[in-house]
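Okay, thanks everyone, I'll keep this short. Have a look at the sequence and the model on the screen, and then I'll walk you through what I picked out.

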Amino acid sequence: MSPNQQWEYKVVELSSSFFGHETKVDEESLNELGAEGWELVETLSEGGGNTQALVFKREK
């Protein structure tokens, strides 16, 4: 990694349905993000363990 390397980040929040089930992110959406250079680096969860958001990064 070069000392001048910079990153930008994207947070994709997952919505919940009325019954509390997590909305699925489909392969097409993930492939589009990958084609744009985004890489999944983290999932953010609430106390109960349900994933609330996905964090992506790519070189600026």
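**A salt bridge and its surroundings**

So, let's start with Arg58, which forms a salt bridge with Glu8; the closest N and O atoms are 2.8 Å apart. That pair links distant parts of the chain, with Arg58 in strand S3 and Glu8 in strand S1 (residues 7–13), 50 residues apart. And keep in mind that this is a predicted model. Searching the whole structure turns up one salt bridge.

Okay, zooming out. The protein chain has one helix and three strands, and from the N terminus the order is β-α-β-β. Of the 60 residues in the chain, buried ones make up 15%.

Now the hairpin. S2 and S3 form it, with five residues between them, and in the turn Gly49 has a positive phi of about 95 degrees. The two strands run antiparallel, and six bridges join them.

Last stop, the surface. Which residues form the negative patch? That would be Asp26, Glu27, Glu28, Glu32 and Glu36. Glu36 sits in the loop between helix H1 (27–35) and strand S2 (39–45). With a relative accessible area of 46%, Glu36 is partly exposed, and it can belong to a patch because the cut-off there is over 30% with no salt bridge.

Key
Residues numbered from 1 in each chain as written. Predicted model: local features only at pLDDT ≥ 70, side-chain atom pairs only at ≥ 80, totals over all residues. Heavy atoms only, no water. Patch = residues over 30% accessible without salt bridge, like charges linked within 9 Å, V, L, I, M, F, W, Y side chains within 5 Å. Areas by Shrake-Rupley, 256 points an atom, 1.4 Å probe, with all protein chains shown as cover. Salt bridge = Lys/Arg side-chain N within 4 Å of Asp/Glu carboxyl O. Lys, Arg positive; Asp, Glu negative; His and termini not counted. Charge placed at Lys NZ, Arg CZ, Asp CG, Glu CD. Helix = DSSP H or I, 4+ residues; strand = E, 2+ residues; numbered from the N terminus. Buried < 20%, exposed > 50% of the residue type's maximum accessible area, 1.4 Å probe, protein only. Pairing = 2+ DSSP bridges.
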